[in-house]
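The sequence and structure are shown below.

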Amino acid sequence: MGLKKETKSFGDNVDDLTATLGRMKTNLDLVQNIRLGDAFGSLTADVKGLAQGMLELDRASELKQLNGVIDSFLNKEVKESWGQQFGRWHLLLVW
């Protein structure tokens, strides 16, 4: 049984990147929060360490996901609108 590369749509790639950026924001907020101790008490250092680790993982995957968005955009079939088709046909008829 062979491995088949999963082909994601442009929208799926954008959704993945958006989710990663959202997680990065959440984890960055935790790392920078000076009042984190009020919420987590003695677990503050553990929460900050976990948030920092997750932030580093998401930073590593962010570029790959951005490349996926760009690749899927460039490979997306661009369809002409009705107006573009009319203009193209009009030019052919005039010539």
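## Asparagine 27

Leaving aside neighbours within four places in sequence, asparagine 27 is in contact with Ala51, Met54, Leu55 and Asp58. The model from which these contacts are taken is predicted. Asparagine 27 itself belongs to helix H1, which covers residues 10-32.

The relative accessible area of asparagine 27 is 11%. Because this value falls under the 20% cut-off, asparagine 27 is classed as buried.

## Leucine 17

Helix H1 also contains leucine 17. With a relative accessible area of 13%, leucine 17 is buried.

When residues up to four places away in sequence are not counted, leucine 17 touches Glu62, Gln65, Leu66 and Val69.

## Packing of H1 and H3

Helix H3 spans residues 44-75, and its axis comes within 8 Å of the axis of H1. The two axes cross at roughly 155 degrees. Angles over 145 degrees count as roughly antiparallel, and H1 and H3 are therefore roughly antiparallel to each other.

The crossing of H1 and H3 is left-handed. Sorted by class, the residues in the contact of H1 with H3 comprise 14 nonpolar, 8 polar and 6 charged residues.

Conventions:
Residues numbered from 1 in each chain as written. Predicted model: local features only at pLDDT ≥ 70, side-chain atom pairs only at ≥ 80, totals over all residues. Heavy atoms only, no water. Helix = DSSP H or I, 4+ residues; strand = E, 2+ residues; numbered from the N terminus. Buried < 20%, exposed > 50% of the residue type's maximum accessible area, 1.4 Å probe, protein only. Contact = heavy atoms within 4.5 Å. Axes fitted to C-alpha atoms, helices over the stretch in contact; angles between N-to-C directions. Parallel < 35°, antiparallel > 145°, perpendicular 65-115°, else oblique. Left-handed = near helix turned anticlockwise from the far one by under 90°. Nonpolar A, V, L, I, M, F, W, Y, C, P; charged D, E, K, R; others polar.
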